[in-house]
Amino acid sequence: MEKRATFGSWWIGIAFAVPQVILIFTFFYWPAGEAIYWSLTLQQPWGGGNIWVGLDNFRQILDDPIYWASVLRSVVFAVASTGLAMGGALILAVFVDRECTGSRLYRVVLIWPYGIAAPALGLAFRFLMAPEAGFLAFLNQIAPGLWDPGLNGTDAMIEIIVAFSWKYVGYDFIFFLSALQAIPRAQIEAAALDGAGWLRRLRDIQLPLLTPTVFFLLVIDLTESFQDSFGIVDIMTAGGPARATELMVYKIYFDGFRGFDYSGAAAQSIILMVLIMLLTVLQFRFIERRVHYK
Amino acid sequence: MIERTPILNLVTQLVLFVGLVVALAPFVFVAIAATHDLRDVNLVPMPLLPGHNFIDNLATAWHRAGLGPKLVNSLIFAGGVAIGKVVVSAFTAYAIVFFRFPGRQLLFWSIFVTLMLPLEVRIVPTYAVAANVLGPYQAILDITGITSLVEALSGIRLDLQFGLLNSYPGLILPLVATATGTFLYRQFFLTLPDELVEAAKMDGAGPIRFFFDIVLPLSRNNIAALATIMFLWAWNQYLWPLLVTTEPEHATAVTALKSLIPNEGGIPEWNVAMAGTLIVMLPTLIVVIVMQRWFVRGLIASEK
(Lines give C-alpha, C1' and ligand atoms only; values in the text may rest on other atoms or scores of the structure.)
Protein backbone atom coordinates (compact mmCIF):
# COMPACT_ATOMS: atom_id res chain seq x y z
CA MET A 1 0.00 0.00 0.00
CA GLU A 2 1.31 3.42 -0.93
CA LYS A 3 0.19 6.93 -0.18
CA ARG A 4 -0.83 9.13 -3.08
CA ALA A 5 -0.28 12.45 -1.34
CA THR A 6 3.27 12.95 -0.14
CA PHE A 7 5.62 15.77 0.60
CA GLY A 8 7.94 16.92 -2.13
CA SER A 9 10.95 18.04 -0.11
CA TRP A 10 12.58 14.64 0.10
CA TRP A 11 15.66 15.80 1.97
CA ILE A 12 13.47 16.36 5.05
CA GLY A 13 12.29 12.77 4.70
CA ILE A 14 15.87 11.56 4.68
CA ALA A 15 16.59 13.71 7.74
CA PHE A 16 13.74 11.98 9.56
CA ALA A 17 15.25 8.59 8.76
CA VAL A 18 18.81 9.45 9.75
CA PRO A 19 18.70 8.50 13.48
CA GLN A 20 17.36 5.04 12.68
CA VAL A 21 19.86 4.52 9.88
CA ILE A 22 22.81 5.44 12.10
CA LEU A 23 21.56 3.17 14.87
CA ILE A 24 20.93 0.11 12.74
CA PHE A 25 24.17 0.58 10.85
CA THR A 26 26.24 0.83 14.05
CA PHE A 27 24.47 -1.75 16.17
CA PHE A 28 23.00 -4.10 13.63
CA TYR A 29 24.65 -4.23 10.21
CA TRP A 30 28.19 -3.63 11.36
CA PRO A 31 28.09 -6.34 14.06
CA ALA A 32 26.30 -8.74 11.73
CA GLY A 33 28.95 -8.12 9.08
CA GLU A 34 31.69 -8.45 11.65
CA ALA A 35 30.26 -11.79 12.77
CA ILE A 36 30.63 -13.03 9.19
CA TYR A 37 34.20 -11.70 9.01
CA TRP A 38 35.16 -13.20 12.37
CA SER A 39 33.69 -16.54 11.45
CA LEU A 40 36.08 -16.69 8.49
CA THR A 41 39.18 -15.70 10.48
CA LEU A 42 40.93 -16.67 13.69
CA GLN A 43 40.52 -13.77 16.11
CA GLN A 44 42.80 -12.95 18.98
CA PRO A 45 40.53 -12.29 21.97
CA TRP A 46 42.46 -9.21 23.08
CA GLY A 47 42.72 -7.62 19.67
CA GLY A 48 45.84 -7.53 17.56
CA GLY A 49 45.78 -9.45 14.34
CA ASN A 50 43.79 -12.23 12.85
CA ILE A 51 44.44 -15.00 10.38
CA TRP A 52 42.22 -15.79 7.42
CA VAL A 53 41.11 -19.40 7.70
CA GLY A 54 38.21 -19.57 5.26
CA LEU A 55 35.58 -22.03 6.33
CA ASP A 56 37.76 -23.82 8.90
CA ASN A 57 35.76 -22.44 11.85
CA PHE A 58 32.57 -23.84 10.39
CA ARG A 59 34.21 -27.17 9.61
CA GLN A 60 35.50 -27.37 13.16
CA ILE A 61 32.09 -26.63 14.65
CA LEU A 62 30.20 -28.95 12.36
CA ASP A 63 32.63 -31.76 13.21
CA ASP A 64 32.14 -31.15 16.92
CA PRO A 65 29.71 -33.60 18.53
CA ILE A 66 29.27 -31.18 21.47
CA TYR A 67 27.91 -28.57 19.05
CA TRP A 68 25.48 -31.01 17.46
CA ALA A 69 24.32 -32.06 20.91
CA SER A 70 23.52 -28.42 21.71
CA VAL A 71 21.63 -28.08 18.41
CA LEU A 72 19.61 -31.20 19.19
CA ARG A 73 18.85 -29.90 22.69
CA SER A 74 17.74 -26.54 21.28
CA VAL A 75 15.41 -28.30 18.87
CA VAL A 76 13.96 -30.47 21.63
CA PHE A 77 13.54 -27.40 23.81
CA ALA A 78 11.99 -25.35 21.00
CA VAL A 79 9.52 -28.04 19.93
CA ALA A 80 8.51 -29.08 23.44
CA SER A 81 8.06 -25.59 24.86
CA THR A 82 6.31 -24.26 21.73
CA GLY A 83 3.95 -27.24 21.73
CA LEU A 84 3.19 -26.89 25.42
CA ALA A 85 2.69 -23.12 25.30
CA MET A 86 0.55 -23.12 22.15
CA GLY A 87 -1.52 -26.11 23.18
CA GLY A 88 -2.26 -24.68 26.61
CA ALA A 89 -2.97 -21.22 25.23
CA LEU A 90 -5.30 -22.55 22.52
CA ILE A 91 -7.38 -24.55 25.00
CA LEU A 92 -7.65 -21.60 27.38
CA ALA A 93 -8.49 -19.13 24.61
CA VAL A 94 -11.20 -21.37 23.15
CA PHE A 95 -12.86 -21.65 26.55
CA VAL A 96 -12.51 -17.98 27.45
CA ASP A 97 -14.02 -17.14 24.06
CA ARG A 98 -17.21 -18.92 25.14
CA GLU A 99 -17.80 -15.90 27.40
CA CYS A 100 -19.11 -17.85 30.39
CA THR A 101 -19.27 -16.24 33.80
CA GLY A 102 -15.91 -14.92 34.90
CA SER A 103 -14.32 -14.79 31.44
CA ARG A 104 -13.31 -11.18 32.06
CA LEU A 105 -11.25 -12.23 35.06
CA TYR A 106 -9.51 -14.99 33.09
CA ARG A 107 -8.81 -12.61 30.25
CA VAL A 108 -6.96 -10.32 32.65
CA VAL A 109 -5.10 -12.82 34.79
CA LEU A 110 -3.98 -15.32 32.14
CA ILE A 111 -1.67 -12.78 30.49
CA TRP A 112 0.23 -11.89 33.65
CA PRO A 113 2.95 -14.50 33.24
CA TYR A 114 4.13 -12.85 30.03
CA GLY A 115 5.00 -9.67 31.93
CA ILE A 116 7.56 -11.44 34.10
CA ALA A 117 11.26 -11.25 33.29
CA ALA A 118 12.65 -14.61 32.21
CA PRO A 119 15.37 -14.62 34.92
CA ALA A 120 12.85 -13.71 37.65
CA LEU A 121 10.55 -16.53 36.72
CA GLY A 122 13.63 -18.72 36.30
CA LEU A 123 14.55 -18.09 39.92
CA ALA A 124 10.95 -18.63 41.04
CA PHE A 125 10.74 -21.94 39.19
CA ARG A 126 14.18 -22.94 40.41
CA PHE A 127 12.80 -22.74 43.92
CA LEU A 128 9.45 -24.34 43.03
CA MET A 129 11.24 -27.23 41.38
CA ALA A 130 14.25 -27.52 43.69
CA PRO A 131 14.96 -31.07 44.86
CA GLU A 132 15.33 -30.30 48.57
CA ALA A 133 12.81 -27.50 49.19
CA GLY A 134 9.85 -25.91 47.49
CA PHE A 135 6.97 -27.47 45.60
CA LEU A 136 8.28 -30.59 43.89
CA ALA A 137 10.51 -31.69 46.78
CA PHE A 138 7.77 -33.95 48.08
CA LEU A 139 8.60 -36.29 45.18
CA ASN A 140 11.92 -36.99 46.85
CA GLN A 141 10.21 -37.78 50.12
CA ILE A 142 8.12 -40.41 48.41
CA ALA A 143 11.06 -41.82 46.48
CA PRO A 144 14.48 -40.33 47.24
CA GLY A 145 16.36 -39.28 44.13
CA LEU A 146 13.28 -39.31 41.91
CA TRP A 147 13.61 -35.62 41.06
CA ASP A 148 16.94 -33.80 40.93
CA PRO A 149 17.51 -31.22 38.19
CA GLY A 150 20.95 -30.52 39.68
CA LEU A 151 22.17 -34.00 38.78
CA ASN A 152 19.77 -35.42 36.24
CA GLY A 153 19.93 -33.83 32.78
CA THR A 154 16.41 -34.85 31.79
CA ASP A 155 14.97 -33.28 34.95
CA ALA A 156 16.89 -30.07 34.24
CA MET A 157 15.54 -29.99 30.69
CA ILE A 158 11.97 -30.50 31.94
CA GLU A 159 12.54 -27.69 34.41
CA ILE A 160 13.53 -25.10 31.79
CA ILE A 161 10.82 -26.22 29.35
CA VAL A 162 8.12 -25.81 32.01
CA ALA A 163 9.39 -22.38 33.05
CA PHE A 164 9.60 -21.13 29.47
CA SER A 165 6.18 -22.51 28.46
CA TRP A 166 4.55 -20.97 31.52
CA LYS A 167 5.60 -17.53 30.33
CA TYR A 168 4.63 -18.05 26.70
CA VAL A 169 1.18 -19.51 27.41
CA GLY A 170 0.25 -15.94 28.39
CA TYR A 171 1.68 -14.52 25.17
CA ASP A 172 0.07 -17.08 22.84
CA PHE A 173 -3.21 -16.71 24.72
CA ILE A 174 -3.44 -13.01 23.84
CA PHE A 175 -3.07 -13.77 20.13
CA PHE A 176 -5.39 -16.77 20.05
CA LEU A 177 -8.09 -14.91 21.93
CA SER A 178 -7.89 -11.83 19.73
CA ALA A 179 -8.05 -14.02 16.61
CA LEU A 180 -11.05 -15.93 17.99
CA GLN A 181 -12.87 -12.72 18.80
CA ALA A 182 -12.25 -11.43 15.29
CA ILE A 183 -14.33 -14.29 13.83
CA PRO A 184 -17.74 -12.84 12.96
CA ARG A 185 -20.34 -14.09 15.43
CA ALA A 186 -22.82 -14.38 12.57
CA GLN A 187 -20.88 -17.29 11.09
CA ILE A 188 -20.95 -19.18 14.34
CA GLU A 189 -24.61 -18.44 14.93
CA ALA A 190 -25.48 -19.56 11.39
CA ALA A 191 -23.69 -22.84 12.03
CA ALA A 192 -25.51 -23.24 15.32
CA LEU A 193 -28.85 -22.71 13.56
CA ASP A 194 -27.87 -25.41 11.09
CA GLY A 195 -27.55 -27.71 14.06
CA ALA A 196 -23.77 -27.78 14.46
CA GLY A 197 -22.76 -28.46 18.05
CA TRP A 198 -19.92 -26.72 19.88
CA LEU A 199 -17.24 -29.24 18.92
CA ARG A 200 -18.33 -29.25 15.30
CA ARG A 201 -18.24 -25.44 15.14
CA LEU A 202 -14.83 -25.45 16.77
CA ARG A 203 -13.45 -27.97 14.30
CA ASP A 204 -15.01 -26.66 11.11
CA ILE A 205 -15.15 -22.90 11.65
CA GLN A 206 -12.97 -21.59 14.45
CA LEU A 207 -9.87 -23.76 14.08
CA PRO A 208 -9.58 -23.32 10.30
CA LEU A 209 -9.88 -19.56 10.76
CA LEU A 210 -7.14 -19.71 13.39
CA THR A 211 -4.52 -21.26 11.09
CA PRO A 212 -2.79 -17.93 10.28
CA THR A 213 -2.42 -17.25 14.00
CA VAL A 214 -1.14 -20.76 14.60
CA PHE A 215 1.60 -20.41 12.03
CA PHE A 216 2.46 -16.91 13.13
CA LEU A 217 2.83 -18.03 16.75
CA LEU A 218 4.74 -21.11 15.67
CA VAL A 219 7.45 -18.98 14.10
CA ILE A 220 7.49 -16.42 16.93
CA ASP A 221 7.63 -19.04 19.67
CA LEU A 222 10.36 -21.03 17.95
CA THR A 223 12.43 -17.86 17.43
CA GLU A 224 11.86 -16.70 21.00
CA SER A 225 12.79 -20.12 22.34
CA PHE A 226 16.23 -19.61 20.81
CA GLN A 227 16.75 -16.20 22.43
CA ASP A 228 14.49 -15.62 25.44
CA SER A 229 15.61 -18.95 26.89
CA PHE A 230 19.00 -17.51 27.83
CA GLY A 231 17.88 -15.87 31.07
CA ILE A 232 16.02 -18.98 32.17
CA VAL A 233 18.93 -21.30 31.42
CA ASP A 234 21.52 -19.03 33.03
CA ILE A 235 19.54 -18.63 36.26
CA MET A 236 18.09 -22.12 36.57
CA THR A 237 20.81 -24.49 35.41
CA ALA A 238 23.74 -22.48 33.97
CA GLY A 239 23.83 -24.98 31.11
CA GLY A 240 24.31 -27.92 33.44
CA PRO A 241 24.33 -30.56 34.69
CA ALA A 242 27.11 -31.74 32.38
CA ARG A 243 25.92 -29.52 29.49
CA ALA A 244 22.46 -31.11 29.61
CA THR A 245 20.72 -27.74 29.14
CA GLU A 246 23.35 -25.96 27.06
CA LEU A 247 21.20 -24.48 24.30
CA MET A 248 22.64 -22.81 21.20
CA VAL A 249 22.52 -19.20 22.46
CA TYR A 250 23.97 -20.24 25.80
CA LYS A 251 26.82 -22.01 24.04
CA ILE A 252 27.54 -18.91 21.93
CA TYR A 253 27.70 -16.82 25.09
CA PHE A 254 29.82 -19.38 26.89
CA ASP A 255 32.32 -19.95 24.08
CA GLY A 256 32.54 -16.25 23.25
CA PHE A 257 32.70 -14.60 26.65
CA ARG A 258 34.01 -17.34 28.88
CA GLY A 259 36.13 -19.33 26.45
CA PHE A 260 37.22 -16.23 24.45
CA ASP A 261 36.76 -18.20 21.26
CA TYR A 262 35.40 -15.27 19.25
CA SER A 263 35.75 -17.01 15.92
CA GLY A 264 33.95 -20.14 17.05
CA ALA A 265 31.20 -18.08 18.69
CA ALA A 266 30.87 -15.96 15.53
CA ALA A 267 30.56 -19.05 13.35
CA GLN A 268 27.86 -20.41 15.67
CA SER A 269 26.09 -17.04 15.52
CA ILE A 270 26.07 -17.21 11.72
CA ILE A 271 24.55 -20.70 11.76
CA LEU A 272 21.86 -19.55 14.21
CA MET A 273 21.20 -16.39 12.15
CA VAL A 274 20.70 -18.49 9.02
CA LEU A 275 18.37 -20.81 10.91
CA ILE A 276 16.22 -17.97 12.22
CA MET A 277 16.16 -16.23 8.85
CA LEU A 278 15.06 -19.47 7.19
CA LEU A 279 12.22 -19.75 9.71
CA THR A 280 11.11 -16.20 9.00
CA VAL A 281 11.34 -16.58 5.23
CA LEU A 282 9.43 -19.84 5.52
CA GLN A 283 6.67 -17.98 7.29
CA PHE A 284 6.45 -15.24 4.69
CA ARG A 285 6.95 -17.34 1.58
CA PHE A 286 5.15 -20.62 2.00
CA ILE A 287 3.00 -20.78 5.06
CA GLU A 288 1.12 -17.51 4.70
CA ARG A 289 -0.04 -18.48 1.22
CA ARG A 290 -1.51 -21.82 2.09
CA VAL A 291 -3.36 -20.90 5.24
CA HIS A 292 -6.92 -19.76 5.25
CA TYR A 293 -7.71 -16.08 5.29
CA LYS A 294 -11.11 -14.50 5.37
CA MET B 1 -25.70 -16.46 21.65
CA ILE B 2 -28.08 -18.39 23.88
CA GLU B 3 -27.54 -22.09 24.01
CA ARG B 4 -28.25 -24.56 26.80
CA THR B 5 -25.01 -26.39 27.41
CA PRO B 6 -24.77 -27.16 31.14
CA ILE B 7 -22.11 -29.88 30.85
CA LEU B 8 -19.95 -27.86 28.49
CA ASN B 9 -20.25 -24.85 30.80
CA LEU B 10 -19.06 -26.98 33.69
CA VAL B 11 -16.10 -28.24 31.65
CA THR B 12 -15.31 -24.65 30.63
CA GLN B 13 -15.28 -23.46 34.22
CA LEU B 14 -13.14 -26.42 35.31
CA VAL B 15 -10.53 -25.98 32.58
CA LEU B 16 -10.33 -22.24 33.10
CA PHE B 17 -10.03 -22.66 36.84
CA VAL B 18 -7.12 -25.06 36.39
CA GLY B 19 -5.55 -22.54 34.01
CA LEU B 20 -6.02 -19.77 36.53
CA VAL B 21 -4.41 -21.83 39.29
CA VAL B 22 -1.44 -22.72 37.09
CA ALA B 23 -1.00 -19.08 36.08
CA LEU B 24 -1.27 -17.72 39.62
CA ALA B 25 0.30 -20.49 41.72
CA PRO B 26 3.92 -19.47 41.10
CA PHE B 27 3.17 -15.87 42.14
CA VAL B 28 1.40 -17.01 45.29
CA PHE B 29 4.09 -19.54 46.13
CA VAL B 30 6.85 -16.98 45.68
CA ALA B 31 4.97 -14.47 47.84
CA ILE B 32 4.40 -17.01 50.63
CA ALA B 33 8.00 -18.26 50.52
CA ALA B 34 9.13 -14.65 50.90
CA THR B 35 7.35 -14.42 54.27
CA HIS B 36 8.99 -17.45 55.89
CA ASP B 37 12.15 -17.74 57.93
CA LEU B 38 15.05 -19.95 56.88
CA ARG B 39 13.69 -23.06 58.61
CA ASP B 40 10.12 -22.86 57.37
CA VAL B 41 11.02 -22.12 53.76
CA ASN B 42 13.05 -25.32 53.60
CA LEU B 43 10.37 -27.54 55.12
CA VAL B 44 8.85 -30.13 52.81
CA PRO B 45 6.05 -29.45 52.18
CA MET B 46 6.46 -25.72 52.73
CA PRO B 47 3.80 -24.30 55.09
CA LEU B 48 1.23 -22.41 53.02
CA LEU B 49 0.29 -20.06 55.84
CA PRO B 50 2.40 -16.90 55.57
CA GLY B 51 5.19 -16.46 58.12
CA HIS B 52 6.26 -13.26 59.87
CA ASN B 53 9.56 -12.50 58.16
CA PHE B 54 8.29 -10.70 55.10
CA ILE B 55 9.76 -7.27 55.85
CA ASP B 56 13.06 -8.76 57.06
CA ASN B 57 13.42 -10.84 53.91
CA LEU B 58 12.63 -7.88 51.67
CA ALA B 59 15.23 -5.80 53.51
CA THR B 60 17.87 -8.54 53.31
CA ALA B 61 17.29 -9.09 49.60
CA TRP B 62 17.28 -5.34 49.03
CA HIS B 63 20.70 -4.92 50.64
CA ARG B 64 22.34 -8.11 49.44
CA ALA B 65 21.55 -7.50 45.78
CA GLY B 66 21.85 -3.70 46.07
CA LEU B 67 18.37 -3.40 44.60
CA GLY B 68 17.85 0.31 45.38
CA PRO B 69 20.27 1.78 42.80
CA LYS B 70 19.69 -1.15 40.46
CA LEU B 71 15.97 -0.53 40.30
CA VAL B 72 16.75 3.08 39.44
CA ASN B 73 19.11 1.83 36.72
CA SER B 74 16.42 -0.48 35.39
CA LEU B 75 13.93 2.36 35.37
CA ILE B 76 16.25 4.68 33.43
CA PHE B 77 17.24 1.88 31.08
CA ALA B 78 13.69 0.68 30.35
CA GLY B 79 12.35 4.22 30.16
CA GLY B 80 15.18 5.21 27.83
CA VAL B 81 14.52 2.29 25.50
CA ALA B 82 10.78 3.06 25.49
CA ILE B 83 11.29 6.76 24.72
CA GLY B 84 14.03 6.07 22.18
CA LYS B 85 11.85 3.56 20.38
CA VAL B 86 8.80 5.81 20.36
CA VAL B 87 10.76 8.75 18.94
CA VAL B 88 13.10 7.01 16.50
CA SER B 89 10.50 4.70 15.00
CA ALA B 90 7.94 7.50 14.61
CA PHE B 91 10.54 9.51 12.68
CA THR B 92 11.47 6.58 10.48
CA ALA B 93 7.91 5.52 9.72
CA TYR B 94 7.07 9.12 8.85
CA ALA B 95 9.96 9.23 6.41
CA ILE B 96 8.98 5.94 4.80
CA VAL B 97 5.27 6.69 4.45
CA PHE B 98 5.07 10.40 3.66
CA PHE B 99 8.10 10.96 1.43
CA ARG B 100 9.37 9.67 -1.88
CA PHE B 101 13.14 9.92 -1.77
CA PRO B 102 15.70 7.88 -3.66
CA GLY B 103 16.57 4.70 -1.78
CA ARG B 104 13.29 4.57 0.10
CA GLN B 105 12.67 0.92 -0.79
CA LEU B 106 16.22 0.03 0.22
CA LEU B 107 15.69 1.77 3.56
CA PHE B 108 12.42 -0.07 4.10
CA TRP B 109 13.95 -3.47 3.48
CA SER B 110 17.13 -2.78 5.43
CA ILE B 111 14.95 -1.95 8.44
CA PHE B 112 12.75 -4.95 7.83
CA VAL B 113 15.72 -7.33 7.96
CA THR B 114 16.55 -6.19 11.50
CA LEU B 115 13.31 -7.84 12.63
CA MET B 116 14.75 -11.23 11.83
CA LEU B 117 17.92 -11.18 13.90
CA PRO B 118 17.51 -10.62 17.61
CA LEU B 119 20.37 -9.16 19.62
CA GLU B 120 21.07 -12.50 21.25
CA VAL B 121 22.35 -14.16 18.10
CA ARG B 122 24.80 -11.39 17.17
CA ILE B 123 25.82 -10.75 20.74
CA VAL B 124 29.60 -11.10 20.47
CA PRO B 125 30.28 -8.52 17.72
CA THR B 126 27.63 -6.16 19.13
CA TYR B 127 29.53 -6.25 22.39
CA ALA B 128 32.69 -5.32 20.51
CA VAL B 129 30.87 -2.33 18.99
CA ALA B 130 29.64 -1.22 22.40
CA ALA B 131 33.19 -1.43 23.74
CA ASN B 132 34.17 1.14 21.12
CA VAL B 133 31.18 2.60 19.39
CA LEU B 134 33.32 4.54 16.93
CA GLY B 135 35.07 1.31 15.90
CA PRO B 136 32.98 0.82 12.77
CA TYR B 137 33.75 4.35 11.61
CA GLN B 138 37.45 3.94 12.39
CA ALA B 139 37.47 0.76 10.33
CA ILE B 140 35.79 2.55 7.43
CA LEU B 141 38.40 5.31 7.59
CA ASP B 142 41.17 2.69 7.69
CA ILE B 143 39.84 0.72 4.77
CA THR B 144 39.16 3.72 2.56
CA GLY B 145 42.67 4.99 3.26
CA ILE B 146 41.55 8.24 4.86
CA THR B 147 43.47 7.41 8.05
CA SER B 148 46.78 7.09 6.26
CA LEU B 149 46.00 10.15 4.15
CA VAL B 150 45.38 12.29 7.20
CA GLU B 151 48.48 10.86 8.88
CA ALA B 152 50.64 11.70 5.86
CA LEU B 153 49.25 15.22 5.62
CA SER B 154 49.07 16.31 9.25
CA GLY B 155 51.08 13.74 11.17
CA ILE B 156 48.12 12.97 13.40
CA ARG B 157 46.98 9.34 13.57
CA LEU B 158 43.19 9.21 13.75
CA ASP B 159 42.14 6.90 16.54
CA LEU B 160 38.45 7.13 17.30
CA GLN B 161 37.67 5.64 20.68
CA PHE B 162 34.43 5.92 22.59
CA GLY B 163 33.45 3.11 24.91
CA LEU B 164 29.86 2.61 25.95
CA LEU B 165 30.41 -0.19 28.47
CA ASN B 166 28.97 0.62 31.89
CA SER B 167 26.90 3.52 30.63
CA TYR B 168 23.24 4.17 29.95
CA PRO B 169 23.71 4.82 26.22
CA GLY B 170 25.53 1.48 25.99
CA LEU B 171 22.57 -0.25 27.56
CA ILE B 172 19.91 1.61 25.65
CA LEU B 173 21.07 2.31 22.08
CA PRO B 174 21.62 -1.26 20.80
CA LEU B 175 18.12 -2.17 21.97
CA VAL B 176 16.61 0.80 20.15
CA ALA B 177 18.27 -0.34 16.92
CA THR B 178 15.53 -2.72 15.77
CA ALA B 179 12.44 -2.31 13.64
CA THR B 180 9.67 -3.35 16.04
CA GLY B 181 8.02 0.04 16.45
CA THR B 182 8.62 1.28 12.92
CA PHE B 183 6.09 -1.11 11.44
CA LEU B 184 3.52 -0.36 14.11
CA TYR B 185 3.62 3.30 13.11
CA ARG B 186 3.79 2.51 9.42
CA GLN B 187 0.57 0.51 9.54
CA PHE B 188 -1.14 3.35 11.34
CA PHE B 189 0.21 6.12 9.10
CA LEU B 190 -1.02 4.24 6.05
CA THR B 191 -4.56 4.41 7.40
CA LEU B 192 -4.45 8.21 7.63
CA PRO B 193 -6.49 9.61 4.71
CA ASP B 194 -4.64 11.30 1.86
CA GLU B 195 -6.96 14.27 2.23
CA LEU B 196 -5.30 15.07 5.54
CA VAL B 197 -1.97 15.65 3.83
CA GLU B 198 -3.59 17.62 1.06
CA ALA B 199 -5.52 19.83 3.48
CA ALA B 200 -2.39 20.48 5.51
CA LYS B 201 -0.46 21.37 2.38
CA MET B 202 -3.21 23.71 1.26
CA ASP B 203 -3.15 25.46 4.60
CA GLY B 204 0.55 25.96 4.16
CA ALA B 205 1.84 23.43 6.67
CA GLY B 206 5.21 21.92 5.82
CA PRO B 207 6.20 18.34 6.58
CA ILE B 208 7.68 19.17 10.00
CA ARG B 209 4.60 21.11 11.11
CA PHE B 210 2.35 18.33 9.79
CA PHE B 211 4.31 15.72 11.76
CA PHE B 212 4.24 17.51 15.10
CA ASP B 213 0.76 19.08 14.91
CA ILE B 214 -1.25 16.40 13.14
CA VAL B 215 0.46 13.02 12.94
CA LEU B 216 1.85 12.82 16.46
CA PRO B 217 -1.38 13.80 18.28
CA LEU B 218 -3.27 11.26 16.16
CA SER B 219 -0.76 8.55 17.12
CA ARG B 220 -1.34 8.86 20.87
CA ASN B 221 -2.81 5.35 21.13
CA ASN B 222 0.06 3.82 19.23
CA ILE B 223 2.58 5.69 21.33
CA ALA B 224 1.02 4.41 24.57
CA ALA B 225 0.93 0.85 23.27
CA LEU B 226 4.47 0.90 21.94
CA ALA B 227 5.88 2.56 25.06
CA THR B 228 4.23 -0.06 27.28
CA ILE B 229 5.55 -3.12 25.50
CA MET B 230 8.99 -1.59 24.97
CA PHE B 231 9.28 -0.69 28.64
CA LEU B 232 8.42 -4.25 29.65
CA TRP B 233 10.67 -5.75 27.01
CA ALA B 234 13.64 -3.64 28.09
CA TRP B 235 13.04 -4.13 31.81
CA ASN B 236 13.08 -7.89 31.24
CA GLN B 237 16.29 -7.89 29.19
CA TYR B 238 18.99 -10.03 30.74
CA LEU B 239 21.85 -11.03 28.46
CA TRP B 240 22.70 -7.56 27.17
CA PRO B 241 22.78 -5.78 30.57
CA LEU B 242 24.74 -8.72 31.96
CA LEU B 243 27.48 -8.18 29.37
CA VAL B 244 27.54 -4.40 29.12
CA THR B 245 27.52 -3.61 32.82
CA THR B 246 30.61 -5.15 34.31
CA GLU B 247 30.57 -2.84 37.33
CA PRO B 248 27.88 -3.62 39.91
CA GLU B 249 26.77 0.01 40.29
CA HIS B 250 25.63 0.06 36.65
CA ALA B 251 23.81 -3.28 36.72
CA THR B 252 20.05 -3.62 36.35
CA ALA B 253 17.62 -5.20 38.79
CA VAL B 254 17.03 -8.29 36.66
CA THR B 255 20.72 -9.15 36.44
CA ALA B 256 21.06 -8.58 40.18
CA LEU B 257 18.89 -11.65 40.78
CA LYS B 258 21.87 -13.81 40.01
CA SER B 259 23.53 -12.79 43.24
CA LEU B 260 20.53 -14.10 45.20
CA ILE B 261 20.67 -17.70 43.97
CA PRO B 262 21.55 -19.84 46.99
CA ASN B 263 24.92 -21.46 46.45
CA GLU B 264 25.16 -25.20 46.18
CA GLY B 265 26.09 -26.42 49.64
CA GLY B 266 25.65 -22.93 51.11
CA ILE B 267 22.80 -21.68 53.26
CA PRO B 268 19.59 -22.29 51.28
CA GLU B 269 18.14 -18.81 51.83
CA TRP B 270 15.25 -19.27 49.45
CA ASN B 271 13.14 -16.87 51.50
CA VAL B 272 15.53 -14.04 50.61
CA ALA B 273 15.79 -15.18 46.99
CA MET B 274 12.00 -15.20 46.66
CA ALA B 275 11.70 -11.78 48.30
CA GLY B 276 14.16 -10.44 45.72
CA THR B 277 12.23 -12.13 42.90
CA LEU B 278 9.07 -10.48 44.16
CA ILE B 279 10.66 -7.03 44.19
CA VAL B 280 12.02 -7.44 40.66
CA MET B 281 8.83 -8.82 39.12
CA LEU B 282 6.49 -6.38 40.82
CA PRO B 283 7.12 -3.29 38.64
CA THR B 284 6.45 -5.19 35.41
CA LEU B 285 3.39 -6.85 36.91
CA ILE B 286 2.02 -3.45 37.87
CA VAL B 287 2.66 -2.12 34.38
CA VAL B 288 0.87 -5.12 32.86
CA ILE B 289 -2.13 -4.69 35.14
CA VAL B 290 -2.42 -0.91 34.85
CA MET B 291 -1.60 -0.68 31.16
CA GLN B 292 -3.36 -3.92 30.18
CA ARG B 293 -5.28 -2.34 27.33
CA TRP B 294 -2.20 -0.79 25.75
CA PHE B 295 -0.12 -3.86 26.42
CA VAL B 296 -2.47 -6.19 24.56
CA ARG B 297 -2.99 -3.70 21.78
CA GLY B 298 0.72 -3.05 21.39
CA LEU B 299 1.60 -6.72 21.28
CA ILE B 300 -0.98 -7.56 18.66
CA ALA B 301 -0.36 -4.51 16.50
CA SER B 302 3.42 -4.59 16.57
CA GLU B 303 3.72 -8.22 15.50
CA LYS B 304 1.48 -8.05 12.49
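**Close-up 1. Helices H5(A) and H7(A) are oblique to each other in this predicted model.** The pair comprises H5, residues 118–128 of chain A, and H7, residues 153–182 of chain A. Their axes come within 10 Å and cross at roughly 130°. The crossing of H5(A) and H7(A) is right-handed. H5(A) contributes Ala118(A), Leu121(A), Phe125(A) and Arg126(A) to the contact. H7(A) answers with Glu159(A), Val162(A), Ala163(A), Trp166(A) and Lys167(A). By class, the contact residues of H5(A) and H7(A) are six nonpolar, no polar and three charged.

**Close-up 2. Asp64(A) caps the N-terminal end of helix H3(A).** A side-chain oxygen of Asp64(A) lies 3.0 Å from the backbone nitrogen of Ile66(A). H3 covers residues 65–96 of chain A, 32 residues in total. At 1.5 Å a residue, H3(A) should span 46 Å. The end C-alpha atoms of H3(A) are 46 Å apart, which agrees.

**Close-up 3. Helices H4(B) and H13(B) cross at roughly 140°.** H4 runs over residues 67–98 of chain B, and H13 over residues 220–235 of chain B. Their axes come within 8 Å. H4(B) and H13(B) are therefore oblique to each other. Their crossing is right-handed. Residues of H4(B) in the contact include Leu71(B), Leu75(B), Phe77(B), Val81(B), Lys85(B) and Ser89(B). Among their counterparts in H13(B) are Ile223(B), Leu226(B), Met230(B), Phe231(B), Trp233(B) and Trp235(B). The contact of H4(B) with H13(B) has 15 nonpolar, three polar and one charged residues.

Technical notes:
Residues are numbered from 1 along each chain as its sequence is written. Chains are lettered from A and ligands numbered from 1 in the order in which they are written. This is a predicted model: local features need pLDDT of at least 70, side-chain atom pairs count only at pLDDT 80 or more; totals for chains, interfaces and linings use all residues. Side-chain values use heavy atoms; hydrogens and water are left out. Axes are lines fitted to C-alpha atoms, for helices over the stretch in contact, and angles run from 0 to 180 degrees between N-to-C directions. Helices (H or I, at least four residues) and strands (E, at least two) are DSSP runs, numbered from the N terminus. Angles under 35 degrees count as roughly parallel, over 145 as roughly antiparallel, 65 to 115 as roughly perpendicular and the rest as oblique. A crossing is left-handed if the near helix is turned anticlockwise from the far one by less than a right angle, and right-handed if clockwise. Contact means heavy atoms within 4.5 Å. Ala, Val, Leu, Ile, Met, Phe, Trp, Tyr, Cys and Pro count as nonpolar, Asp, Glu, Lys and Arg as charged, and the others, Gly among them, as polar. The expected span of a helix is 1.5 Å times one less than its number of residues. A polar contact is a pair of N or O atoms within 3.5 Å; within protein, one must be able to donate a hydrogen and the other to accept it, and residues adjacent in sequence count only if both atoms are side-chain atoms.
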